[in-house]
Structure formats: structure tokens, C-alpha cells
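Keep the structure open while you read.

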Amino acid sequence: MPHRSSPLPGGRVRLARGASPWLLPTVAAAGLSLARARRSGRWAAAAVPTTALAAAMLWFFRDPEREIGLGRVISPADGVVQSIMPWQDGRTRVAIFMSPLNVHVNRAPVAGTVTSVEHVPGGYVPAFDKESENNERVVWRLDSELGELEMVQIAGAVARRIVPYVTQGTKVEQGDRIGLIRFGSRVDVYLPQGVEPAVEVGEHTTAGVTRLDRD
């Protein structure tokens, strides 16, 4: 079972699990170019973009600690509420768009048991495009005190890899880290029937903190 980790010494920010395939090559390239920059003008020129790219990767894959917010359903993602749409079965879909500048780690919107983690193949159009409904995705279902809650991680034009952290049968606490979408995209939460959204379109959300449901 995932545990909420305590803050790192000195307030340091941890890096997201699943970032290694992107981080290691860029950091290694930056280190090599910096080490050789004093001996060669070419390496010195190369050191600037490689170091900038490594710094960008470290920023993109930051995973800060959060003080978990209050509410029956909290936001699983940092981003902006893109749409709020009533569903035919009585649920309400809250779609949160994640830009490349947002934290990419997603958190459990409720406490409960993960009943399924389903990978669905698809395309990679921008997440703000209507056609993104057919993008690659990972569909999560959690058994909670509110009943079954569905959350969907959706890949986009840049984000082409979704990395689940937990598997079917795992018990999670609200706000636990459950997965990563590399370089942003979109996360949808389906509020159960009878649960009204407390956010509005255009509102910024913070994973593990922003309350999505209204009393």
C-alpha cells in the first residue's frame, strides 16, 4: 500500500518515479558537456543547451510534497478545469488540462481500493482538442465510500507515456501518488451521481489539495 511520505530534509523536492528514461540521458549529456567545456569551444557551446534541457527536465519531473486537502473528492492533477459535463448515467465529468509546466504526478482523488487499471490504446492529438476523446488513456476505477469512482489519465501530443504507480487491488489513501503522465495532458474525474462539482471551468487545481465536490 502506498504511504504518504514525509517532507524531505531541508525542504528539498523529490523527483517523480518514472522520469529516469528522460532524466538520465539529459543529465548525463549536460554533465559530459560541462566537464569538457574548458577544453573545447564546441563542448562549451553544447553545454548551454544541454544544461538548459537538463534543468527543464528536473523542473518538469518535480514531485513536491503536499498537505492533503479536505473534501470527499480532491483533484488528482495540477492544471486548469477544461470542462464540466453532465454524463448520461448521472455522473459529472470534470476534465483537468495539464500543461507541460504543471507537476505531472497524479494523486488518488478518494481513499479506497483500486478495482481496475485499464490501458486503452489510441491517438496522440492535443489534449485540448475534441478528438482527444480517442487518445491513449489509462482508466482507473476505485471503490470508495462514495461508491465506484472513475478517473482517466489521457495522453496528448507531447505526453505519450502514462506510468501507473499502483495496481489492481491496491488500497490507497486520498492524495496518494498513483501515477505519472509525462509532459502533461489531461485527467478526467467522474463525480458520482448526486455529487455536485465545487470548481468552475477555467479554475486552477492542485493535485491532492483542491476540492472537487460541493457539500
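Start at valine 73. Setting aside neighbours within four places in sequence, valine 73 is in contact with Pro109, Val110, Leu146, Leu149, Gln174, Val189, Leu191, Thr210, Arg211, Leu212 and Asp213. The model is a predicted one.

The largest nonpolar core has 34 residues. Val73 is among those with the most contacts inside it, together with Trp140, Tyr165, Ile178, Leu180, Val189 and Leu191.

Now step back to the whole chain. It has two helices and 15 strands. Of its 215 residues, 46% are buried. Take the contacts between residues at least 6 apart in sequence: 70% of them join residues at least 24 apart. The chain exposes about 10,900 Å², and carbon and sulfur atoms supply 56% of that area.

Eight strands form an open sheet in the order 10-6-7-8-12-4-3-14, with antiparallel pairing. Its edge strands are strand 10 (171-172) and strand 14 (204-205), and each pairs on one side only.

Move along that order and look at individual pairings. Strand 7 (residues 137-144) and strand 8 (residues 147-154) run antiparallel and are joined by eight bridges. Here serine 144 stands opposite glycine 147 of strand 8. Strand 8 then pairs with strand 12, again in the antiparallel sense, over five bridges. Isoleucine 154 has arginine 186 of strand 12 as its bridge partner. Strand 12 is also joined to strand 4, by seven bridges, and these two run antiparallel. Arginine 93 stands opposite tyrosine 190 of strand 12.

How enclosed is strand 12 by the rest of the structure? Seven of its seven residues are buried, so strand 12 is largely enclosed.

How many aromatic pairs does the chain have under the ring-centre cut-off? The count is one. Tryptophan 87 and tyrosine 190 form it, edge-to-face, with 5.4 Å centre to centre and 80° between the planes. The pair links distant parts of the chain, since its members are 103 residues apart. Tryptophan 87 sits in the loop between strand 3 (79-86) and strand 4 (92-98), while tyrosine 190 belongs to strand 12 (residues 185-191).

Finish with a polar residue. Asparagine 106 lies in strand 5 (residues 105-107). Its relative accessible area is 0%, so asparagine 106 is buried. Which side chain does it meet through a polar contact? Glutamine 153 is the partner, at 2.7 Å. Leaving out neighbours within four places in sequence, asparagine 106 is in contact with Pro76, Ala77, Met98, Gln153, Asp176, Arg177, Ile178, Gly179, Ile181 and Val187. One of these, Ile178, is also listed among the core residues with the most contacts.

Terms used: Residues are numbered from 1 along each chain as its sequence is written. Side-chain values use heavy atoms; hydrogens and water are left out. Rings of Phe, Tyr and Trp (its six-membered ring) pair if their centres lie within 6.5 Å; planes under 30 degrees apart count as stacked, over 60 as edge-to-face and the rest as tilted. Helices (H or I, at least four residues) and strands (E, at least two) are DSSP runs, numbered from the N terminus. Two strands pair if DSSP finds at least two bridges between them. Buried means under 20% relative accessible area, exposed over 50%, partly exposed in between (1.4 Å probe, protein chains only). Contact means heavy atoms within 4.5 Å. Accessible areas come from the Shrake-Rupley method with a 1.4 Å probe; for residues, only the protein chains shown count as cover. A nonpolar core is a set of buried Ala, Val, Leu, Ile, Met, Phe, Trp, Tyr and Cys residues joined through side-chain atoms within 4.5 Å. A polar contact is a pair of N or O atoms within 3.5 Å; within protein, one must be able to donate a hydrogen and the other to accept it, and residues adjacent in sequence count only if both atoms are side-chain atoms.
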